[in-house]
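Here is a quick tour for anyone meeting this structure for the first time. Have a look at it, and then we'll walk through a few spots together.

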Amino acid sequence: MSLNIENMSPQELAALISRASKRKKVLAKRKPAAMAKAAVAKALKATGWTFEELFGKPGNGAAPAVKKARKPAKGRSTGKVAPKYQNPANAKDKWTGRGRQPRWLMAEIANGKQLEEFLIK
């Protein structure tokens, strides 16, 4: 994020300097990263865990070794399926059995025919 201090008012500059000073004090209180890593390693060793067991291998962004199986989301496409039903009057009219019934099939069923009569053999 870059700031154009040329267009800032004296009040805005004072507020920015104040915020920068506070942030600098917070960062100065931090211990070096090497010390933090050593403290974490020591705590893990004391409990009998390894970093990889808790967080996965570092560097590859892997999650812990135990993963739950994912359920397919509602409405997600699951791929193409071969058609199961065919219109005897027009062989081009086919239906997989998924989704709404096509109009030709609803009309035939309304006329008293059974769904099984349209199965592709």
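Predicted model: local features only at pLDDT ≥ 70, side-chain atom pairs only at ≥ 80, totals over all residues.

## The core

Let's zoom in on Leu105. Setting aside the neighbours within four places in sequence, Leu105 is in contact with Trp95, Leu115 and Phe118.

## Aromatic pairs

Searching the whole structure turns up two aromatic pairs. One of them joins Trp104 and Phe118 in an edge-to-face arrangement, with 5.9 Å from centre to centre and 70 degrees between the planes. This pair ties together distant parts of the chain: Trp104 sits in helix α4 (residues 103-110), while Phe118 lies in the segment after α4, and the two are 14 residues apart.

Are these two rings, Trp104 and Phe118, buried or exposed? Both Trp104 and Phe118 are buried.

## The salt bridge

How many salt bridges does the structure hold? There is one. Glu108 pairs up with Lys113 here, and their closest N and O atoms are 3.6 Å apart.

What about accessibility for these partners? Glu108 has 22% relative accessibility, so Glu108 counts as partly exposed. Lys113 comes in at 35% relative accessibility, so Lys113 counts as partly exposed too.

Note on methods:
Residues numbered from 1 in each chain as written. Heavy atoms only, no water. Contact = heavy atoms within 4.5 Å. Salt bridge = Lys/Arg side-chain N within 4 Å of Asp/Glu carboxyl O. Buried < 20%, exposed > 50% of the residue type's maximum accessible area, 1.4 Å probe, protein only. Phe/Tyr/Trp six-rings, centres within 6.5 Å; stacked < 30°, edge-to-face > 60°. Helix = DSSP H or I, 4+ residues; strand = E, 2+ residues; numbered from the N terminus.
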